[in-house]
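Here is a short briefing for a first look at this structure. Start with the overall picture, then move to the helix pairs and the cores.

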Amino acid sequence: MTASPPVPQDHADGDLRLVERTLAGDQRAYELLVIKYQRRIERLVGRMVRDVDLIPDITQETFLRAYRALHQFRGDAQFYTWLYRIAVNTAKKALVDMKRNPVITESALRTAAGDDDETSPLDRELTNDETPETVLAAQEIAAAVNAAMEALPEDLRQAVTLREIEGLSYEEIATVMSCPIGTVRSRIFRAREAISAKVKPLLDRQSGKRW
């Protein structure tokens, strides 16, 4: 028997092939999907909940729900967009069940610069251009952003998180949030305006920069 051809893991239709293989009974194929997206789902969930102890459970529940609903995936959207939608709904349900509100934690905001950057600039040693005053100013701004994010309505916070932190396109966010793209644009604009209103005075006072 000849070996199966390799699955192109870095291409969008590679996910579809893994879905098809899973539905055909190949459990290893779904394990590959979990491995591929587990960290991204954990990061997304981590930016929606305050309690880090909830992240593994919500992530696991996301993949279980996705597995049960896999036959509904038609490939009209990318698999990770479809999976993100399930993760968001799973996290929201868990938070409602526990009577909690989704928030963006300061640590999540500080690590939003990149997937592989595990250390915030504020956690590193001071560079030649940094002083205790500039670090304190940066921390104050980060706290203001965090407070502004927490104060946003849930739909605005979710939209701006998916755009600014997860880097999803407007079309992908519309799919995740089950709303028209015009609504996505409006929510992101309103979220940015609200955050700007809180942060701009600090930037003006500290360095004269504009938000």
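Residues 24 or more positions apart make up 59% of the chain's contacts with a separation of 6 or more; contact means heavy atoms within 4.5 Å. This is a predicted model, where local features need pLDDT of at least 70, side-chain atom pairs count only at pLDDT 80 or more, and totals for chains, interfaces and linings use all residues. Residues are numbered from 1 along each chain as its sequence is written, and side-chain values use heavy atoms, with hydrogens and water left out.

**Overall make-up**

- The chain has 9 helices and 0 strands. Both are DSSP runs numbered from the N terminus: helices are H or I with at least four residues, strands E with at least two.
- Of the chain's 211 residues, 40% count as buried (under 20% relative accessible area, 1.4 Å probe, protein chains only).

**Helices α3 and α4**

- Helix α3 (residues 54-68) packs on helix α4 (residues 79-97) at about 125°, and their axes lie 9 Å apart. Axes are lines fitted to C-alpha atoms, for helices over the stretch in contact, and angles run from 0 to 180 degrees between N-to-C directions.
- α3 and α4 are therefore oblique to each other. Angles under 35 degrees count as roughly parallel, over 145 as roughly antiparallel, 65 to 115 as roughly perpendicular and the rest as oblique.
- The contact draws on residues including I58 and F63 of α3 and W82 and I86 of α4.
- By class, this contact of α3 with α4 has 9 nonpolar, 2 polar and 3 charged residues. Ala, Val, Leu, Ile, Met, Phe, Trp, Tyr, Cys and Pro count as nonpolar, Asp, Glu, Lys and Arg as charged, and the others, Gly among them, as polar.

**Helices α7 and α8**

- The axes of α7 and α8 come within 10 Å and cross at roughly 140°.
- That makes α7 oblique to α8.
- D155, Q158, A159, L162 and R163 of α7 meet Y170, I173, V176 and M177 of α8.

**Nonpolar cores**

- The largest nonpolar core has 42 residues, and F79, W82, Y84 and L162 touch the most other members. Such a core is a set of buried Ala, Val, Leu, Ile, Met, Phe, Trp, Tyr and Cys residues joined through side-chain atoms within 4.5 Å.
- α4 gives the most to this core, with 11 residues.
- Apart from this core lies another, of 12 residues, among them A144, V145, M149 and L202.
- Y84 touches R40, I41, L44, L162, E166, L168 and V176, not counting residues up to four places away in sequence.

Methods:
Buried < 20%, exposed > 50% of the residue type's maximum accessible area, 1.4 Å probe, protein only.
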